[in-house]
Amino acid sequence: MSRTLYDLIGLAAGVAFILALKGLSHPKTARRGNLIGAFGASLATIVVFFYANPGSSLPLNNLGWILGAIAIGLAIGVPAARKVQMTQMPQLVALFNGVGGGAAALVAIVEYLHLGAEATTAEVIFTVFTVIVGCVSFSGSIITFMKLQELMTTRPVIFPAGRFIIAATLVSVIGVGGWVVSALGTTPLLVLAGLSLLFGVLFVLPVGGADVPIVISLLNAFTGLTVAASGYVLDSVLLIIAGTLVGASGTILTRLMAEAMGRSLFGTLFGAFTAKPQAASDSAEVRPVRSGSPEDVAILLNYARRVVIVPGFGLAVAQAQHTVRELADLMIAKGIDVAYGIHPVAGRMPGHMNVLLAEANVPYDQLEEMDEINPTFSQTDVAIVIGANDVVNPAAENTPGCPIYGMPILKVANAANVIFLKRSMRPGFAGIENELLYDPKTMLLFGDAKASLTKVVSALKAL
Amino acid sequence: MEPMAIVSIFVLAVFVGFEVVSKVSSTLHTPLMSGANAIHGVILVGAIIVADHSSTNLELGLAVTAIVLATINMVGGFVVTDRMLEMFKGKKK
C-alpha cells in the first residue's frame with residue numbers, strides 16, 4: 001500500500017472521529033456516533049497491517065506477538081465492558097483511560113529506546129511530554145478507580161506538608177524531563193516515568209469523591225494529548241488528529257461537567273496545592289448538587305416510559321398549573337405514561353393541589369393519591385418534583401427527631417430519576433435539609449416553576 | 001513531515017474539538033467522555049508500529065504490553081459507551 005493511500009485512510013478515520021464526537025453530543029445520534037467512532041478506529045487498526053513503515057517490510061515483524069497481544073486485549077476488555085454493572089461504569093471508564101495513558105507512555109519509551117542517539121531534539125521533547133503525561137494519567141486514573149470502587153476512602157486524602165511534597169514532585173518531574181532532553185539515556189527516562197507515576201497519585205489523592213468524575217474527564221483529555229504527541233514522534237497524522245480532538249473536546253467537557261455540578265474547575269484541579277491539613281475534615285463543606293438545563297430535563301422526559309409529576313406550593317406560587325398541564329399533554333401525546341402524585345398536605349392546605357390542577361382542567365383520573373402512587377414509583381423512570389420539598393423528604397422516614405419525622409411522604413426516591421424544579425437551594429417550609437437533593441440520580445432545575453416549565457415544554461417540542 | 005504542517009493540523013484539530021462538543025446536554029456528559037476515551041485508544045496503531053520495528057526483547061516486551069493496554073482501552077471503551085447509550089434506543093412507539 002502506498003504512503004498516500006495509507007494517509008488518506010488515516011484521514012478518513014480522523015473524519016470518522018469528528019463525526020463520532022459530533023454524534024455523541026446529541027441524544028438522537030449518540031449511538032450512531034459511537035459506532036462511527038468504532039468504525040474509524042477499526043479501519044485505522046486494520047490498515048496499519050498493510051503498510052510497511054520505514055525500516056520494515058510486509059508482513060510486519062513480530063506479527064505473531066502483535067496479533068496475540070490484541071487477542072489478549074480483546075479477551076480482557078470486551079467481557080469487562082459487557083459485564084460491568086451500570087452503577088460501576090464511571091470507574092471502568094477511569095480504568096480504560098488509565099491503560100490508554102499507560103499505553104501511550106510505553107509507546108513513547110519504546111520509540112525512545114529504538115531511536116537512541118538518532119532522535120532529534122523535537123522528538124525527545126515530545127517523548128518526554130508523552131512519558132510524563134501518560135504516566136500521570138495512568139496512576140491518577142488508577143487512584144480515581146480505587147476511590148470510585150471504594151477500595152480506598154472517597155474523602156480527600158490530605159497529609160501534613162502535602163502541598164510541598166506535591167510541588168517538589170512536580171519540580172523534580174520537570175527537572176528530570178530537562179535532564180532527559182539534554183543528557184539522553186535510558187536511566188533518566190525511567191526515573192522520569194517513576195516520578196510522573198508518583199505525581200499522578202499525589203495529584204488525585206486530595207480530590208474528594210464528588211469531584212472524581214471531573215478529574216477522570218481531565219485525565220481523559222491528558223491522554224488525548226499524549227496520543228497527539230506520540231503521533232508527532234511516529235509521524236502519524238491520524239494519531240495527531242485523534243489525540244488533539246480528544247484533548248480539546250475533553251478540556252471543554254471537563255469545564256462543562258464542573259459547571260453542571262456547580263464546582264469550580266480551578267478549585268478542583270489545584271485543590272492539591274491549596275488544601276490545608278485540617279480544612280477538609282470540617283463538616284461545613286459545600287456539598288455538590290447536579291443542576292441541569294431545561295434541555296436536559298426534556299431529554300430525560302422524552303426517553304421515559306412513565307413520569308410522575310409531584311406538585312407543591314411552588315407550583316401554586318408560580319401559577320404554573322396551565323403550563324404543567326401543557327407539559328403533561330405533550331408527554332401523553334408522545335406515548336409516555338403520565339400521572340400526578342398528590343400529597344395530602346402539598347401546598348399550604350389539604351387539597352390545594354387538586355383545586356389548582358382542576359382549574360387547569362387536568363383530567364381527574366390522572367391525579368393519584370399518595371397511597372395509590374407510592375407503590376408505583378419503583379416502575380417510574382422520572383419523578384418531577386415541582387416546588388415541593390418536605391412532602392418528598394426522606395428525612396421523614398429515616399431521621400428520628402427531625403420535625404417532620406413520621407409524616408408519610410411521596411417516595412419519589414424510588415424512581416429511577418428525580419428532577420427538582422426549585423427556586424433556590426433553600427430548604428422547604430419545615431426548614432429541614434433534604435438529602436434527596438444531593439442524591440446522584442437527582443437533577444435540579446433552578447428558577448421560577450412557570451418559567452422553567454415553559455422552557456422544558458419548548459425544549460421537548462424541539463426534540 | 002513539515003513542522004508547520006503539523007502545527008496547522010494541531011491548531012485546526014483543537015478548534016474542531018472545541019466546536020463539536022461546545023453545546024452538549026449534561027445527560028450525555030458521561031457517554032461523551034467515554035466515547036472520547038475510546039477514541040484515544042487508537043494509540044493501538046502507534047503500539048503496533050513500535051512493535052513492528054522493535055529490535056530488542058525489552059522493546060518488544062514493552063510494545064506488546066502497550067498493545068494489550070491500548071486494545072483494552074479502545075475496544076472496551078466503545079463497548080461500554082454503547083451500553084450506556086442503550087437507554088436512548090428504547091424509544092416507545
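Predicted model: local features only at pLDDT ≥ 70, side-chain atom pairs only at ≥ 80, totals over all residues.
Me: How far apart in space are A:Pro363 and A:Arg325?

Reply: A:Pro363 lies in the loop between helix H15 (352-359) and E3 of chain A, where helices (H or I, at least four residues) and strands (E, at least two) are DSSP runs numbered from the N terminus. Along the sequence, A:Pro363 and A:Arg325 are 38 residues apart, and from C-alpha to C-alpha the distance in space is 9.5 Å.

Me: Which strands stand at the edges of the six-stranded sheet of chain A?

Reply: The sheet is open, with parallel pairing and the order E3-E2-E1-E4-E5-E6; two strands pair if DSSP finds at least two bridges between them. Two of the strands have a single partner each, so one side of each is left without a neighbour in the sheet: strand E3 (367-369) and strand E6 (442-446) of chain A.

Me: What angle does H12(A) make with E6(A)?

Reply: From one strand to the next, the twist of the sheet averages 25°. H12(A) packs on this sheet and touches E1, E4, strand E5 (417-422) and E6 of chain A. Angles run from 0 to 180 degrees between N-to-C directions, and axes are lines fitted to C-alpha atoms, for helices over the stretch in contact. Between the directions of H12(A) and E6(A) the angle is about 135°.

Me: How many residues of E4(A) are buried?

Reply: Strand E4 (residues 382-386) of chain A runs parallel to strand E1 (residues 306-311), with five bridges between them, and five bridges also pair E4(A) with E5(A) in the parallel sense. A:Val382, A:Ile384 and A:Ile386 point one way from E4(A), and A:Ala383 and A:Val385 the other. E4(A) is mostly covered, the buried count being five of its five residues.

Me: Which helix gives the largest share of the side of chain A that touches chain B?

Reply: Residues are in contact if their C-beta atoms, placed from the backbone, lie within 7 Å, and 94 residues of chain A are in contact with 77 residues of chain B. The largest share of the chain A side, 19 residues, comes from H9(A).

Me: What is the relative orientation of H4(A) and helix H2 (residues 29-39) of chain B?

Reply: The two helices pack at about 25°, with their axes 10 Å apart. Angles under 35 degrees count as roughly parallel, over 145 as roughly antiparallel, 65 to 115 as roughly perpendicular and the rest as oblique. H4(A) and H2(B) are therefore roughly parallel.

Me: What is the handedness of the crossing of H3(A) and helix H4 (residues 57-84) of chain B?

Reply: The axes of H3(A) and H4(B) come within 7 Å and cross at roughly 35°. A crossing is left-handed if the near helix is turned anticlockwise from the far one by less than a right angle, and right-handed if clockwise. The crossing of H3(A) and H4(B) is right-handed.

Key:
Residues numbered from 1 in each chain as written. Chains lettered and ligands numbered in written order. Contact = placed C-beta atoms within 7 Å. Buried ≥ 20, exposed ≤ 12 C-beta atoms within 10 Å, placed from the backbone.
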